[in-house]
Amino acid sequence: PDLGSYSMRTSSPRSVLNAEPRARACDDAPVSSLLCSRETTSGRHAASAEARLLRWSMGRWMAPHGLQSGYCALSGAKSTIALAFSTDGTYFASTHGDHTVKVFDSSSWAIRAVLTGHERTPWTVKFHPRSRRILASGSLDQSVRVWDIERAECIAHHHFLFVVSCISFHPSGNILAVTSGKRISVWRWSSAVNERLSLAERLGVTGEAAAAAAAEA
């Protein structure tokens, strides 16, 4: 089967999760026949068989994993700027002109979290390379924030001298590279979180309260 052609819009008031394909599959020939044709013919016939095999394989193995776009209404979102998937594909995130970062469940397109705190539009967003729970965003307000999606809270933030246009996690996940104006900075955000947690523990605060205190520090 062919994946077909789909469209995704985010401006309509309707909330619809089913995509409507504009094209239907047209390759019903058995795979064995296509393989035989590819191997025993040449020129246009072989190229045609190859193309039909590719479309069949895309429909067979890729479509079930959500490689289809559809229609998702975002209430109050003035514009959509940046997108990112978690490394395991469970979540995807988007940044918007209403200054929020929205996190969606990839399988259902349901909103998992709405992250608020930036004073201007977040211009870039990245997931932690080892944890789908952690997300970072950089904003026109010259700040970078690291979020805990499960609690929908900012757990670390840093203010830079200029607008933040791009961020990237180190493969370890403990460091963020940040472009701010003409500068490239390296922020050890995890060290800052650990220091705040240590301070909270010394003050006698533990568990979720410690995490909350660290986020507010």
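Visitor: What makes a residue buried, partly exposed or exposed here?

Guide: Buried means under 20% relative accessible area, exposed means over 50%, and partly exposed lies in between, with a 1.4 Å probe and protein chains only. The model is predicted, so local features need pLDDT of at least 70 and side-chain atom pairs count only at pLDDT 80 or more, whereas totals for chains, interfaces and linings use all residues. Residues are numbered from 1 along each chain as its sequence is written, and side-chain values use heavy atoms, with hydrogens and water left out.

Visitor: Why is Phe 92 called buried?

Guide: The relative accessible area of Phe 92 is 12%; the limit is under 20%, therefore Phe 92 counts as buried. Of the 217 residues of the chain, 36% fall in the buried class.

Visitor: What makes the pair of Phe 92 and Phe 104 stacked?

Guide: A pair of aromatic rings is described by the distance of the centres and the angle of the planes. Rings of Phe, Tyr and Trp (its six-membered ring) pair if their centres lie within 6.5 Å; planes under 30 degrees apart count as stacked, over 60 as edge-to-face and the rest as tilted. By this rule there are 3 aromatic pairs. For Phe 92 and Phe 104 the centres are 4.9 Å apart and the planes stand at 10°, so the pair is stacked.

Visitor: Where in the chain do Phe 92 and Phe 104 lie?

Guide: Phe 92 belongs to strand E2 (residues 91-96) and Phe 104 to strand E3 (residues 101-105), 12 residues apart. Helices (H or I, at least four residues) and strands (E, at least two) are DSSP runs, numbered from the N terminus. Phe 104 has 2% relative accessibility and therefore counts as buried. Ring pairs also join Phe 85 with Phe 92 and Phe 104 in a cluster.

Visitor: Which kind of aromatic pair do Phe 169 and Trp 189 form?

Guide: Their centres are 6.4 Å apart, with 80° between the planes, and the pair is edge-to-face. This pair links strand E9 (residues 164-169), which holds Phe 169, to helix H3 (residues 189-202), which holds Trp 189.

Visitor: How do you know whether Trp 189 is buried or exposed?

Guide: Trp 189 has 7% relative accessibility, so this residue counts as buried. Phe 169, at 12%, is likewise buried.

Visitor: What is Asp 148 in contact with, beyond its neighbours within four places in sequence?

Guide: Contact means heavy atoms within 4.5 Å. With those neighbours left aside, Asp 148 touches Arg 133, Ile 134, Glu 153 and Ile 155. Asp 148 is part of strand E7 (residues 143-148) and is buried at 5% relative accessibility.
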